[in-house]
Amino acid sequence: MTHTRLVFLRHGQTEWNLLGKLQGQADIDLDEVGEQQAVEAARFFQQWSFDACYTSDLKRALRTAQIVATPHGIDAVPDARLREINVGTWSGLTAAEASAELPRLAELYNKGIDFRRSPAGETQAEMVRRALPAMHEIMGQHEGQQILIVTHGLLLASIVAALVGGRDDASMLGIPENTCYSTVTVRGGKPWLMTHNAPTTPIT
C-alpha cells in the first residue's frame, strides 16, 4: 500500500502578525524575523525529501515556500485557493477591534460556531469549500509522494481538521504558530494526522 504524505507549513512572521492585526487576504510580506524563520525552516527540512511544493499565492506564504522548496530543486507552485480566509473589512484590525463589530467573535470561535468575517468576508466553511478541491487534486496527482504545502494559520488548521476529522472546525486542533508544521499521511485513501503545530525553529 502506498502512502502519500502532506506536510503543511505555516508562513513566517509578518509585521501584522507581530502587531496582532488580522491579515486575511491582505498581501503582507514577511518581516525580517519571518525571513529568518523561513531560512531556519529550510534548514530543518533539508534532509527531508519533497516531490512537489504548493503554496498560497500571497507574498508571505509564497516567499516562505520559495525559501524552503529551492534547496530541494522544486518550484513553489502558487494556488489562490490556498489563501487565508477573506476577512473583508476586518483586514488590518486587531481581534479586539473586530470584536467591537461582532461582540461574540471570541465566543463563537472558541465554541466552534462558524461566522462571517465582516459582511464582505468569508465563513470558515466557505474557505474550506474553496481550498479542499485543491487538496484533493494534489493528493490525486502525487499519490505515494511527499508534498510540501505552505499556507496560512486558519486555513491550515481548518483543512487538516476537514481531512482527518471530517469537520472544518479549526478550534478542533488549534492554529499553528509561524513556520510550525503539521503532517497528514494518506493510507488506503484515509488521511491520518501524524503531527500538528510542530516547530521548525528553535524554541526560545
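What radius of gyration would a compact globule with 204 residues have, and what does the chain have? A compact globule of that length would have a radius of gyration near 17 Å, and the chain has 16 Å, which agrees. The legends below describe a predicted model.

**Figure 1. Overall view of the predicted chain, with seven helices and six strands.** Starting at the N terminus, the elements follow the order β-α-α-β-α-β-α-α-α-β-α-β-β. Along the principal axes, the C-alpha atoms fill a box of roughly 50 × 40 × 30 Å. Of the 204 residues in the chain, 50% are buried. Among contacts with a separation of 6 or more, 70% join residues 24 or more positions apart.

**Figure 2. Surface and charged side chains of the chain.** The chain exposes about 9,300 Å², and 51% of this area comes from carbon and sulfur atoms. There are 18 positive and 23 negative side chains. The centres of these two sets lie 5 Å apart.

**Figure 3. Aromatic pair of Phe-44 and Tyr-181.** Eight aromatic pairs are found in a search of the whole structure. In one of them, the rings of Phe-44 and Tyr-181 are 5.5 Å apart, centre to centre, with 45° between the planes, and the pair is tilted. Phe-44 belongs to helix α2 (residues 32-44) and Tyr-181 to strand β5 (residues 180-187), so the pair ties together parts that are 137 residues apart in sequence. The two residues can also be described by their accessibility. Phe-44 is partly exposed, because its relative accessible area is 32%, whereas Tyr-181 counts as buried at 9% relative accessibility.

**Figure 4. Aromatic pair of Phe-45 and Phe-50, and the cluster around it.** The ring centres of Phe-45 and Phe-50 are 5.6 Å apart and the planes stand at 70°, so this pair is edge-to-face; the cut-off for that class is over 60 degrees. Phe-45 has a relative accessible area of 0% and is therefore buried. Phe-50 is buried too, with a relative accessible area of 6%. Both residues belong to one aromatic cluster, formed by Phe-44, Phe-45, Trp-48, Phe-50 and Tyr-181.

**Figure 5. Buried residues of helix α3 (residues 59-69) and their cover.** Which residues of this helix are buried? They are Arg-60, Ala-61, Thr-64, Ala-65, Ile-67, Val-68 and Ala-69. In an α-helix there are 3.6 residues a turn, so residues three or four places apart point the same way. The cover over the buried residues of α3 includes helix α2 and the strands β1 (3-10), β2 (52-55), β3 (76-78) and β4 (146-151).

**Figure 6. Ser-118, a residue other than glycine with positive phi.** The phi angle of Ser-118 is near 70°. Ser-118 sits in the loop between α5 (105-110) and α6 (124-141). Is Ser-118 buried or exposed? Ser-118 is buried, because its relative accessible area is 4% and the limit for buried is under 20%.

Figure 7. With a relative accessible area of 29%, Asn-197 is partly exposed.

How values were computed:
Residues are numbered from 1 along each chain as its sequence is written. This is a predicted model: local features need pLDDT of at least 70, side-chain atom pairs count only at pLDDT 80 or more; totals for chains, interfaces and linings use all residues. Side-chain values use heavy atoms; hydrogens and water are left out. Helices (H or I, at least four residues) and strands (E, at least two) are DSSP runs, numbered from the N terminus. The radius of gyration is taken over C-alpha atoms; the globule rule is 2.2 Å times the number of residues to the power 0.38. Buried means under 20% relative accessible area, exposed over 50%, partly exposed in between (1.4 Å probe, protein chains only). Contact means heavy atoms within 4.5 Å. Accessible areas come from the Shrake-Rupley method with a 1.4 Å probe; for residues, only the protein chains shown count as cover. Lys and Arg count as positive and Asp and Glu as negative; His and the chain ends are not counted. The place of a charge is taken as NZ of Lys, CZ of Arg, CG of Asp or CD of Glu. Rings of Phe, Tyr and Trp (its six-membered ring) pair if their centres lie within 6.5 Å; planes under 30 degrees apart count as stacked, over 60 as edge-to-face and the rest as tilted.
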